[in-house]
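Q: Please take a close look at the aromatic pairs in this structure. How many are found in a search of the whole structure, and which residues form them?

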Amino acid sequence: MRLSRKKCIALAAGICLLAGLLLGAGYLKRVADYQRAVRETVIGEVDLTQVADGTYTGEYDVGFVYARVEVTVEGGIITDVRILEHKNGRGGPAEAVTGAIVDQQRIGVDAVTGATNSSTVLKKAVENALRQGL
């Protein structure tokens, strides 16, 4: 049995449509998982007086946004936060939170407007780094 040209084109189009729907559904699930991970992220403060002097690396990953930072503590004071890696999409402006963390000596600084998710990920990476020094 030989399919006509029109039927072959219709079959190919149907297969492409089905593949597109499956890929789209997978992408939407990844986005939903990412948004849930950011929403459920809890950032805690760390008592800096309890953190031993040193340089610590911390990271945090929620899927579409990832950060790895290096935090230096001297005498109970955060002296530097360096971003080693920050996969952020459009969240590059969030990198300003690292300066705010050093200036305010706390993790719970305000997020950068328009880059809230990246701000959250960076702050959690800093927390994870500081917890290594406890």
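A: A search of the whole structure, which is a predicted model, finds two aromatic pairs. Rings of Phe, Tyr and Trp (its six-membered ring) pair if their centres lie within 6.5 Å; planes under 30 degrees apart count as stacked, over 60 as edge-to-face and the rest as tilted. The rings of Y27 and F64 have centres 6.0 Å apart and planes at 75°, so this pair is edge-to-face. Y27 belongs to helix 1 and F64 to the loop between strand 1 (54-61) and strand 2, so the pair ties together parts 37 residues apart in sequence. Helices (H or I, at least four residues) and strands (E, at least two) are DSSP runs, numbered from the N terminus.

Y27 is partly exposed, with a relative accessible area of 45%, and F64 is also partly exposed, at 28%. Here buried means under 20% relative accessible area, exposed over 50%, and partly exposed in between (1.4 Å probe, protein chains only).

The rings of Y34 and F64 have centres 5.2 Å apart and planes at 75°, so they too are edge-to-face. Y34 lies in helix 1 and F64 in the loop between strand 1 and strand 2, so this pair ties together parts 30 residues apart in sequence. Y34 is buried, with a relative accessible area of 13%. Together, Y27, Y34 and F64 form one aromatic cluster.

Residues are numbered from 1 along each chain as its sequence is written, and side-chain values use heavy atoms, leaving out hydrogens and water. Local features need pLDDT of at least 70 and side-chain atom pairs count only at pLDDT 80 or more, while totals for chains, interfaces and linings use all residues.
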